[in-house]
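Open the structure in your viewer and keep the selection tool at hand. This tour moves from one selection to the next and says what is found at each stop.

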Amino acid sequence: MLLRLRLSRAIDKLIAPQHMAMRKLSGKASTRDWKKEALTERISGHAPERVEAGLNQTLKDLNLSYLDLYLMHWPVGKGPDDKKYHYDYVETWQAMSKLLRTGRVRRIGISNFSPAQLKELVKHSIKGDSPLPAVHQMELHPYLPQAKWIYAHKAHGIAVTAYSPLGNMNPTYGDRSRREVTTQSKAPLLLENETVKSIAEKRDCTPAQVVLAWGMNRGASVIPKSKHENHIKENLDATKCELGTDDLADIDGIGEEPIRFNNPSKGWGVHLFDGLDDA
Ligand SMILES: NC(=O)c1ccc[n+]([C@@H]2O[C@H](COP(=O)([O-])OP(=O)(O)OC[C@H]3O[C@@H](n4cnc5c(N)ncnc54)[C@H](OP(=O)(O)O)[C@@H]3O)[C@@H](O)[C@H]2O)c1
């Protein structure tokens, strides 16, 4: 529970070594009491030889001495000038493991891995080459519940973080120019789903709180993103939204035909999420 609450307050920002947006944060970082937050960053476009430089740049940009959690954003990677994805996630993982000894990273984790890719890391951990991921960040919401996949992580003691926990609320998933790679047209906005709305009314919660409470009830941490103070407060108060087993079962029913909103496989020319729902 502690981890869940802690991560629900986490600051989760995308970072690539070349990601300029993070620089804008650097001025604010020194005025913030980061000790009260769990800070997660993801390395994108990974390559083993760029892992340490990527971390150093992040720490410099944010004016920090360490990160709570450092994630490999995708199991595939390519350099800024590469046309194709070609880096090996195992080598990148081993490079990330070395950072633990420096004290500049407290935990390392993964994001968007398939069962076979996770199995490969488990194999290396059993051999003693590298640790198991502390966290796996993945797309999870009532349209994509992935219950068995969550359960597989529990068996290994790997914490699961739900990204896009409000489903297709982020306009990215509804942009008409991206319809080919998204599936927004298949489903109404999650917070406008009739089942979610009726449970919200019954439990005196908002639809967002219902969806987030369901996410936490499944043993995952949830990381909703909002630019608005009222939404941020509302989302933090999701811990007070109490759902009954009947509510949880009704929300489980929403995902009987799973929908994945974030799958760049086609555009990147790779096959991601092999063996998972709506891959
Ligand atoms: N590892 C990965 O590959 C990956 C991929 C995607 C996302 N993520 C991470 O996951 C986090 C969230 O993902 P996301 O932005 O895709 O999805 P999300 O949190 O499910 O949805 C965000 C959208 O929901 C709206 N929203 C937030 N709270 C709301 C509320 N209480 N009521 C109504 N609308 C609300 C926000 O609008 P307002 O700003 O107007 O409130 C925003 O448009 C981010 O930290 C992101 O970096 C990780």
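**Stop one: P258**

Select P258 and show its contacts: apart from neighbours within four places in sequence, P258 is in contact with Y143, L144, D277 and D278. Keep in mind that this is a predicted model. P258 sits in the loop between α10 and α11 (265–268). Is P258 buried, partly exposed or exposed? It has 15 C-beta neighbours inside 10 Å, so P258 counts as partly exposed. P142 and P258 are 116 residues apart in sequence, but their C-alpha atoms are 8.4 Å apart in space.

**The whole chain**

Zoom out and colour by secondary structure. The protein has 11 helices and seven strands. Of its 279 residues, 39% are buried. Take the contacts with a separation of 6 or more: 76% of them join residues 24 or more positions apart.

**Helices α7 and α10**

Next select residues 194–203, which form helix α7, and residues 245–254, which form helix α10. They pack at an angle of about 165 degrees, and their axes are 10 Å apart. Angles over 145 degrees count as roughly antiparallel, so that is how α7 runs relative to α10. The crossing of these two helices, α7 and α10, is left-handed.

Which residues of α7 and α10 meet? Show T195, V196, I199 and R203 on the α7 side, then D247, D250, I251 and I254 on the α10 side. By class, the residues of this contact are four nonpolar, one polar and three charged.

**Helices α3 and α4**

Move to residues 51–62, helix α3, and residues 89–100, helix α4. Here the packing angle is about 50 degrees, with the axes 9 Å apart. The two helices α3 and α4 are therefore oblique to each other. From α3, select V51, E52 and L55; these meet T92, A95, M96 and L99 of α4. The contact of α3 with α4 has five nonpolar residues, one polar and one charged.

Stay on α4 and select V90, which lies in this helix. V90 has 17 C-beta neighbours inside 10 Å, so it counts as partly exposed. Leaving out neighbours within four places in sequence, V90 is in contact with E120 and H124. Q117 is 27 residues from V90 in sequence, and the distance between their C-alpha atoms is 8.8 Å.

**Helix α8**

Select residues 207–217, helix α8. How many of its 11 residues are buried? The count is 10, so α8 is largely enclosed by the rest of the structure. The buried residues of α8 include P207, Q209, L212 and W214. Just after α8, click on G219, which takes a positive phi of about 85 degrees.

**Around the ligand**

For the last stop, select the ligand and the residues around it. There are 26 surrounding residues, and the closest are Y163, L166, M169, A208 and S226. A208 is also one of the buried residues of α8. Both β1 (11–15) and α9 (229–236) supply at least two residues of the shell around the ligand. Which element gives the most to this shell? It is α9, with three residues. Colour the shell by class to finish: it divides into 10 nonpolar, 11 polar and five charged residues.

Methods
Residues numbered from 1 in each chain as written. Predicted model: local features only at pLDDT ≥ 70, side-chain atom pairs only at ≥ 80, totals over all residues. Axes fitted to C-alpha atoms, helices over the stretch in contact; angles between N-to-C directions. Helix = DSSP H or I, 4+ residues; strand = E, 2+ residues; numbered from the N terminus. Parallel < 35°, antiparallel > 145°, perpendicular 65-115°, else oblique. Left-handed = near helix turned anticlockwise from the far one by under 90°. Contact = placed C-beta atoms within 7 Å. Nonpolar A, V, L, I, M, F, W, Y, C, P; charged D, E, K, R; others polar. Buried ≥ 20, exposed ≤ 12 C-beta atoms within 10 Å, placed from the backbone. Near = placed C-beta within 6 Å.
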